[in-house]
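Biologist: Please show the sequence and the structure, so that the questions can be taken in turn.

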Amino acid sequence: MSSNKICDIEDDVKDALKKFRFRKSQTNAALILKVDREKQKVCIDEFVEDIQMEEVQDLIPAHQPRYIVYSYKMEHADGRVSYPMCFIFYTPRDIQMELQVLYAGMKLVLQREAELTKVFEVRELEELTEDWLKEKLSR
């Protein structure tokens with residue numbers, strides 16, 4: 001099955017994804033991406049270092065989809081620390097169908113570009129909590 005790219009992914013977004021993946025920081029961080037419908041491009045909405053999942057909720061508009069690449073400092077029961085990266089697709093239930101299709105169509109393309117395998121979807125902003133993330137990552 002071939003996937004037709006609906007939007008372009010600008011070089012600055014590709015660079016940001018690459019830098020984000022290879023960053024050495026030991027804090028949580030979020031790279032929030034959005035689609036610019038007029039320009040038909042994926043662009044950076046926000047990049048924030050040292051941010052908790054609950055704080056990410058405040059950065060995202062409740063009625064607009066977003067892609068969140070999140071690096072999480074996870075402390076395991078045995079004392080180990082890992083930094084899993086996740087791709088979170090936030091799509092509110094009550095958005096226009098056109099917007100839903102646009103974002104859904106770019107999800108896989110972006111996911112591949114980011115080279116991330118931990119992929120989660122969220123319909124309600126309130127779900128974006130550390131507990132939710134820990135539960136998803138422990139599966």
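**Reading the model**

Biologist: Is Glu 115 buried or exposed?

Modeller: Glu 115 has a relative accessible area of 56%. A residue is buried under 20%, exposed over 50% and partly exposed in between (1.4 Å probe, protein chains only). Glu 115 therefore counts as exposed.

Biologist: What kind of model is this?

Modeller: Residues are numbered from 1 along each chain as its sequence is written, and side-chain values use heavy atoms, leaving out hydrogens and water. Local features need pLDDT of at least 70, side-chain atom pairs count only at pLDDT 80 or more, and totals for chains, interfaces and linings use all residues, for this is a predicted model.

Biologist: In which loop is Glu 115 found, and what is its phi?

Modeller: Helices (H or I, at least four residues) and strands (E, at least two) are DSSP runs, numbered from the N terminus. Glu 115 is in the loop between helix H3 (97-114) and S8. Most residues other than glycine have a negative phi. Glu 115 is not a glycine, yet its phi is positive, at about 55 degrees.

Biologist: How exposed is Gln 40, which also needs a look at its phi?

Modeller: Gln 40 lies in the loop between strand S2 (29-36) and strand S3 (41-49). Although Gln 40 is not a glycine, it has a positive phi of about 55 degrees. Its relative accessibility is 32%, so Gln 40 counts as partly exposed.

Biologist: In what pattern do the helices and strands follow each other?

Modeller: The protein chain holds four helices and eight strands. Read along the sequence, they give β-α-β-β-α-β-β-β-β-α-β-α.

Biologist: What is the radius of gyration of the protein chain?

Modeller: The radius of gyration is taken over C-alpha atoms, and the globule rule is 2.2 Å times the number of residues to the power 0.38. For 139 residues the rule gives 14 Å, and the chain comes close to this, so it is as compact as a globular protein of that length. Its radius of gyration is 15 Å.

Biologist: Which strands and helix do the buried residues of H4 pack against?

Modeller: In helix H4 (residues 130-137), the buried residues are Trp 132, Leu 133 and Leu 137. They cover an arc of only 125 degrees (from the directions between the helix axis and the C-beta atoms), so they lie on the same side of H4. Contact means heavy atoms within 4.5 Å. The partners are helix H2 (53-59), strand S4 (66-71), strand S5 (74-75), strand S7 (85-90) and strand S8 (119-122).
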